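Dear colleague,

Please find the structure below, handed over for your records.

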Amino acid sequence: METIEQTQFENVSFNVPEVLSRIRKLQEEVRDIVNANYVDFVSVNTHDVLAGLKSLETGIKELVASTSQLSVDKSNLARNDLRNYQRDLEEAMRGYKIARKLLSIHDLFESLNLAGNGFEKTAHLLGKIKTLLDEVEDPVLVDMHCFQGLILRYETEYETLINDLNAKFNELVQLQHRSFQNTKSVTIRIHRDETVLYQVVVTLLKTQHNFRTVCQFLLENVFAPVIVKPVSLICDEKSQDSSVLIQLSYQLSVGEELRPGYKTVLSNVMQIFYNLSNMNIVVSEDECLFKVLAKQMKKELCTMLIERCLERDIPGTIEGMKESTMVKDLCEFNNFLKTTNFVDGENDGLLEEYANSIDTIHQKKLCDNVLETALEIMKRESHEMVPIEDHEYQFVGSSTARQSSCMVTRTVVELKKFLDKVLAEASAHGDAANRFIKTIATILERYMVDVPMANEKLLFKIPQQSALFRNDCTYLNYWLQKNDDKLNDHCSFANISDALKACGEDIFQQQLNSQRTQMMQALGGFKLPIHLLELGTEQQRAIRQCVRQFELLKNVWQTVLPDPVYKQSLSGLIDQFLREVMKRIQSLEDITTAIGNGLVLLIDIMTETLPKLFKEQSEIHQLVKQWTKLLQLRQILCGSLVEITELWAEGKGPLTMCFSAEEIKHLVRALFQNTKQRQACIASIV
């Protein structure tokens, strides 16, 4: 046993130096090759070196095998020598592997220059080179100047390949466009050299080329204009021709009204894809050119179709939706794209999902059109008035109260008729009912905002307009109450009803406040200073101005407002007017005969004109609280001390209805001089 191990050890001690010598020799040869090709660029034959490397590799393997079989426990000397030989061998092996890798890469580069290499073969060789360059087992490689030279050469060769491929692809698939002053023409010519086209496309796909330029051209110059503009499209695919031709021309600027319908758009897109399929090289079941294009542009194309074509063509009427075949057409178009392999795995369901949502979008569009129509009705001039009888218009109040006719604007009548139609559609189309009902709510909410805003000046300056708006709001509120059973099935309109009523009343109340302010400004001329000797034209003008104001309000309100509302509104103004006039008269400390006669004349003007503001003149007694007091004040101004005493009748006479004892005493002191009769009269007033 010891003899066998000794013999093996001697073989090792003899072979290791020889192997190391051969490695160093071959390293020198590899160094010469690398220097020649990547420093001096001189071609050197590497076949002999590669053959030597293979022979050396065989020797190394045998040597390693023989050393691994040794038992190193028998001799310390042998063990030390073996360790040294192994260390030298490992170092030499490291250099050998680097030399072999560099030589292998170089040999592959030499193969690139062989005649007859096609695009696929070249790409395959470059792929192997890239793999060797990326597999850096020894960090020394990265720092080697020659290794960086190999990387640079690879990048140059790869760029050359890509440029050649692109040039050939552009030769086989020609994409051209020309812009003129008003028009643009686009030409796509696909040559039917299927063998070369297959090689080019397959190689481009293997190099993970993204075809971004092709996608951008198709989106910008072909599909975008086809979707939004009328185009002249010619597709020439004659079997005997050597190429397929797609020609497209269109106006650069086109009016919105000339945009093509979705059917035309889908037909054109399908025709374009059908002819583009001549360049759709299929590599395998999972890989083809159209799938690569789809990953780059399908989402954008589908989005463009939806937003710039389909969206605007969804019918906005119920009749239009019944006749529309958009859902069916869109599903067929989507299936066509799948059939042509224009799929990306992520956005293939976009168009089908949109097709499934068309009915919902239609309902929304329909309701948007309903709202838009309602807003158009609201914006119409609201000067024309329409009489509304009591059976058409019921006001909130006592059910036993006699109803009267009034006026509303023709605009609100048209709006009410339109709401009737919308409500009827809601009842007839259960699936869209909720949307219709919500739209009705939106219309009424917009009415309370848009109409006052659009007619702000008229509502606050012209009394008739504010009265009409009040009636319009009440009219719409009545419509809500009338259809309460139909509306409550879907949502509550109680808040809108209250808001409508409040909106109309608020506008009308602001008008009433404005009339009060105007009246008080006019009464600024009814001044009764302490030292006044007699009334002049100023006081009479102030009274007549107020009366004239009431007469004007009668002319614009009496036939417009419901009778109860008219009576309440105007009587309130008159009541405040009389209270203010009488307060100023009662504040006088001294009423001369001339002043008294003048005040009686003013009261006569009022008693003659004010009752005429109502259809039944006698109604003024019930409607105007201060009316009786005014008549009694006239009696006091004209009466004697005896008559005043009798009218008071120790606190039981008619004067007690409107005057207090102190008020009567004050008037007596102002009207009569201080005599025993006056003292007696005052004493009786308690």
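The paragraphs below describe the cavities and their linings.

This is a predicted model, in which local features need pLDDT of at least 70, side-chain atom pairs count only at pLDDT 80 or more, and totals for chains, interfaces and linings use all residues. Residues are numbered from 1 along each chain as its sequence is written, and side-chain values use heavy atoms, with hydrogens and water left out.

Searching the whole structure gave two cavities of 30 Å³ or more. A cavity is a set of points, on a 1 Å grid over the protein atoms alone, where a 1.4 Å probe fits but cannot get out; lining residues have an atom within 4 Å of a point. A volume is the space filled by probe spheres set on the points, which are joined across faces, edges and corners.

The largest cavity holds about 120 Å³ of space. It is lined by 14 residues, of which S382, T409, V451, F469 and D472 are the closest to its centre. At least two lining residues come from each of α14 (410-428), α15 (433-454) and α17 (463-482), and α17 gives the most, with four. Helices are DSSP runs (H or I, at least four residues) numbered from the N terminus.

The second largest cavity has a volume of about 30 Å³. Its lining consists of L218, F223, F273, L276, F290, L293, M297 and F342. Here α8 (212-228), α9 (262-276) and α10 (289-313) each supply at least two residues, and α10 gives the most, with three.

Definitions and conventions
1 Å grid on protein atoms, 1.4 Å probe; cavity = no way out; pocket = protein on both sides within 12 Å on 5 of 7 lines; lining within 4 Å.
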